[in-house]
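The following exercises concern the fold of a single chain. Please study the sequence and the model before reading each solution.

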Amino acid sequence: MPNYQVGSIVVMKKQHPCGTNEWQITRVGADIKIKCVKCGRSVMLPRIDFNKKVKKVLTY
Ligand SMILES: [Zn+2]
C-alpha cells in the first residue's frame, strides 16, 4: 500500500478530463479527499478505491 498523507501529490491511473493525473491529498480518513492540481476540483473516494486507483506518490 502506498504511503501518503495530507499534502502529498499523487499520480492517479486515470487522467482527469482537464488533462492532468496529478492530485493533492486534502483529507485522509475512511475516505480520501483529493484535489486536482490543475483545475482545483475535489473528489472523495473510499480509501480502498483510492488505493486501487493511485499509481504513485510524488511527494510525501
Ligand atoms: Zn482536473
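**Exercise 1.** Among contacts in the chain between residues at least 6 apart in sequence, what percentage join residues at least 24 apart?

*Solution.* The model is a predicted one, in which local features need pLDDT of at least 70 and side-chain atom pairs count only at pLDDT 80 or more, while totals for chains, interfaces and linings use all residues. Residues are numbered from 1 along each chain as its sequence is written. Two residues are in contact if their C-beta atoms, placed from the backbone, lie within 7 Å. Among the contacts between residues at least 6 apart in sequence, 32% join residues at least 24 apart.

**Exercise 2.** State which elements the chain has, and in what order they run from the N terminus.

*Solution.* Helices (H or I, at least four residues) and strands (E, at least two) are DSSP runs, numbered from the N terminus. By this rule the chain has 1 helix and 5 strands. Their order from the N terminus is β-β-β-β-α-β.

**Exercise 3.** Is I25 buried, partly exposed or exposed?

*Solution.* I25 is found in strand β2 (residues 22-28). A residue is buried if 20 or more other C-beta atoms lie within 10 Å of its own, exposed if 12 or fewer, and partly exposed in between, with C-beta atoms placed from the backbone. I25 counts as partly exposed because it has 19 C-beta neighbours inside 10 Å. Leaving aside neighbours within four places in sequence, the contacts of I25 include Y4, V10, I32 and I34.

**Exercise 4.** Which residues make up the largest nonpolar core?

*Solution.* A nonpolar core is a set of buried Ala, Val, Leu, Ile, Met, Phe, Trp, Tyr and Cys residues joined through C-beta atoms within 7 Å. The largest one holds 7 residues: Y4, V10, W23, I32, I34, F50 and V54. Beyond four places in sequence, W23 touches V10, M12, I34, K35, C36 and V37.
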